[in-house]
Amino acid sequence: MPHAESLMYSGDADRDQVLRAAAACPVQAVLVDEDTVLGRPEGPATPHGDTPVGRIVIVGASLTGLRAAATLRREGYRGALTMIGDEPGEPYDRPPLSKQALTGRSATLDTSLPRRIELDAEWMRGVAAVGVDLDHRRVHLADGRAVEYDRLLIATGVRARPWPNPQEAALDGVVVLRTRQDAEDLRRRLAARPRVLVIGGGFTGSEIASVCRELDLRVTLAERGPAPLQGALGKVIGQIAADMQRDHGVDLRCGVTVTALEGDREGRLCRARLSDGSVLDVELAVAALGSVCNVDWLEGSGLAAGPWGVGCDAGCRVFNANGMVRDDVFVAGDVARFPHPVYGYRFLTLEHWGNAVGQARVAAHNMISAPADRQPHLALPVFWSAQFGVNIKAVGVPAFSDEVVIAQGSVAERRFVAVYGHRGRISAAVTFDQAMWLDFYRDLIEKAAPFPPDADMVGRQAEMRPVPAGIAVRAPAIQDATVVVTGDDLEGRRATLLGAHGSGETVR
Ligand SMILES: Cc1cc2nc3c(=O)[nH]c(=O)nc-3n(C[C@H](O)[C@H](O)[C@H](O)COP(=O)(O)OP(=O)(O)OC[C@H]3O[C@@H](n4cnc5c(N)ncnc54)[C@H](O)[C@@H]3O)c2cc1C
């Protein structure tokens with residue numbers, strides 16, 4: 001399997017390294033036996049805390065939900081555990097869905113997540129949660145049932161942002177990619193060898209374009225910004241990514257938008273019009289436009305849930321609309337918006353596999369711990385992407401940077417490390433086929449080491465010339481949220497969210 005890493009380790013000394021590598025490279029080939037790595041339960045046989053925890057409900061039965069459930073059991077929680085998920089079937093891994101799973105080389109698209117310990121949970125599959133009643137601690141389901149909880153974990157993730165014109169989105173050949181079903185559909189369509197248009201040059205769009213070229217399909221990628229990946233990684237890496245795409249035969253069009261998708265008489269996509277006046281004959285258009293947080297079901301609940309995700313503290317406890325934490329509702333994974341001390345306590349929403357796993361563990365631990373034993377989620381963000389034969393990995397938050405420098409390796413060979421700085425400190429590092437440097441830079445970021453890096457690294461550039469990172473300032477995803485504060489005195493003042501849902505944006 002391309003880009004896969006095989007990891008061998010023994011003993012305590014390597015534990016951290018193995019866990020970090022696994023978080024950075026979420027492929028099925030990397031099997032980390034959590035019972036071995038994390039140790040058998042050392043916590044109390046019965047959980048402690050202010051309130052006895054008899055019933056835990058997890059809404060969202062995917063990566064975050066499953067990992068949280070495993071932690072609860074591993075740490076000794078013996079009460080009732082209910083998993084509510086609107087998707088049918090076993091929880092599965094999403095990263096392969098935009099990569100090797102699309103090529104059709106393997107006969108099956110089974111990316112089911114391994115269950116490494118017995119969860120002893122009641123599974124409610126194929127049914128959505130439609131509301132939560134915080135006063136009575138009850139989750140309401142679409143089929144009319146209600147489930148009571150002592151502690152609730154919100155792990156509902158995000159969904160693909162659909163193509164904005166509903167008539168055009170309904171054309172046969174206009175698709176998105178988020179679920180296993182989406183991937184099955186896309187894989188079948190690619191097998192028919194269509195002319196493809198990918199709309200959006202973020203990670204998902206770029207990976208799909210890469211698969212198209214691997215399959216020797218003609219593909220155009222239309223990106224509104226100046227370069228692919230620029231939104232997440234800035235202008236320097238964006239240009240490198242653009243060159244890489246063109247070198248691999250992608251018809252890359254930047255600085256344009258798709259203004260219309262047109263169908264034939266049978267309702268099949270046949271044409272796309274771009275803002276520069278060009279017209280493309282295409283049979284398949286993949287809208288890779290980012291995502292929408294799955295928070296609709298929390299509307300009116302009194303929680304701080306909106307287009308930005310579900311707000312929480314560093315211990316995953318959810319804020320109510322007044323910005324105060326609750327002790328009985330937690331959130332983790334793609335839908336969580338949490339403050340990170342290393343980044344000026346800014347609130348981050350991260351759509352990263354490694355973050356989902358790490359935050360699920362912290363949330364689950366805190367759900368069954370006394371206040372003094374609770375832990376903060378302080379892990380630095382790590383993510384991973386495979387495209388055009390290159391393994392891209394990053395640590396930290398490149399978007400939180402003002403400068404960048406190529407610190408090691410060679411851009412021409414596409415084997416290098418780019419280091420990002422914010423106000424004279426290292427804030428992130430992005431590696432192209434140089435993943436072995438990730439831990440080194442993680443340590444530097446955690447130590448607030450000066451930027452540019454002054455260590456004597458292998459392959460160090462003779463002269464480091466930082467340039468502006470060129471990260472576009474994003475409008476915070478709060479523009480559609482209206483909060484009103486009512487009441488006159490200290491006791492009576494309350495915040496209420498009005499019409500906050502459904503239009504926020506988070507970007508992988
Ligand atoms: C195509 C693709 C490729 C990716 N590649 C990478 C990669 O290379 N590297 C990387 O770091 N990350 C990658 N990611 C991101 C990674 O997969 C996510 O970070 C991870 O899936 C987050 O897990 P989650 O459980 O928080 O959310 P999700 O996986 O979104 O799961 C949330 C679950 O909750 C369910 N749900 C939603 N609303 C309700 C409701 N009201 N009631 C009940 N259930 C509900 C959803 O249907 C879903 O099953 C990729 C994601 C995608 C889609």
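**Entry 1: S410**

I looked up which residues S410 touches beyond its close neighbours in sequence. Leaving aside residues up to four places away in sequence, S410 touches R415 and F416. I was working on a predicted model, and that holds for every entry here. S410 sits in strand β26, which covers residues 403-410.

Is S410 buried or exposed? I found 12 C-beta neighbours inside 10 Å of S410, and a residue with 12 or fewer is called exposed, so S410 counts as exposed. I also checked the distance from S410 to F432. The two are 22 residues apart in sequence, and their C-alpha atoms are 9.6 Å apart in space.

**Entry 2: the sheet that holds β26**

I followed β26 into its sheet. The sheet is open and has six strands, in the order β24-β25-β28-β27-β26-β29, with antiparallel pairing.

β27 (residues 415-422) and β28 (residues 425-432) pair in the antiparallel sense over seven bridges. Within that pair, V419 has A429 of β28 as its bridge partner. I noted for myself that strands of a sheet pair through backbone hydrogen bonds, either parallel or antiparallel.

Next I looked for a helix against these strands. Helix α9 (residues 438-446) lies across β25 (390-396), β27 and β28. Helix α9 runs at about 170 degrees to β28.

**Entry 3: the other six-strand sheet**

I traced another open sheet of six strands. Its order is β3-β2-β1-β7-β21-β20, and the pairing is mixed. The edges are held by β3 (122-125) and β20 (317-319); each has a single partner strand, so one side of each lacks a neighbour in the sheet. From one strand to the next, the twist averages 30 degrees.

How do β1 and β7 pair? β1 (residues 55-59) and β7 (residues 151-154) pair in the parallel sense, over four bridges. I picked out I56, whose bridge partner in β7 is R151. Helix α3 (residues 63-74) packs on this sheet and touches β1, β2 (80-85) and β7. The direction of α3 makes about 175 degrees with that of β2.

**Entry 4: a hairpin**

I moved to β13 and β14. Strand β13 (residues 258-263) pairs with strand β14 (residues 269-274) in the antiparallel sense, over five bridges. The bridge partner of V258 in β14 is L274. The hairpin of β13 and β14 has five residues between the strands, and G267 takes a positive phi near 80 degrees there.

D216 has a phi of about 60 degrees and lies in the loop between α6 (203-214) and β11 (219-223). D216 is exposed, with 9 other C-beta atoms within 10 Å. Y345 also has a positive phi of about 60 degrees, and its loop runs between β22 (336-340) and β23 (346-348). I counted 10 C-beta neighbours inside 10 Å of Y345, which makes Y345 exposed.

Which residues does a cis peptide bond join? The bond is between F451 and P452, with omega at about 0 degrees. P452 is in the loop between α9 and β29.

**Entry 5: around the ligand**

I looked up what surrounds the ligand. The shell has 37 residues, and the closest are G60, S62, T64, G157 and G333. The elements giving two or more residues to the shell are α3, β2, α8 (353-367) and β24. Sorted by class, the shell has 16 nonpolar, 14 polar and seven charged residues. Domain 1 (12-159 + 292-373) and domain 2 (162-289) each give at least three residues to the shell.

**Entry 6: the chain overall**

I ended with totals. The chain has nine helices and 31 strands. Of its 508 residues, 46% are buried. Taking contacts between residues at least 6 apart in sequence, 65% join residues at least 24 apart.

Methods: Residues are numbered from 1 along each chain as its sequence is written. This is a predicted model: local features need pLDDT of at least 70, side-chain atom pairs count only at pLDDT 80 or more; totals for chains, interfaces and linings use all residues. Two strands pair if DSSP finds at least two bridges between them. Axes are lines fitted to C-alpha atoms, for helices over the stretch in contact, and angles run from 0 to 180 degrees between N-to-C directions. Two residues are in contact if their C-beta atoms, placed from the backbone, lie within 7 Å. A residue is near a molecule or strand if its C-beta atom, placed from the backbone, lies within 6 Å of it. Ala, Val, Leu, Ile, Met, Phe, Trp, Tyr, Cys and Pro count as nonpolar, Asp, Glu, Lys and Arg as charged, and the others, Gly among them, as polar. Domain bounds come from an automatic or database domain assignment. A residue is buried if 20 or more other C-beta atoms lie within 10 Å of its own, exposed if 12 or fewer, and partly exposed in between; C-beta atoms are placed from the backbone.
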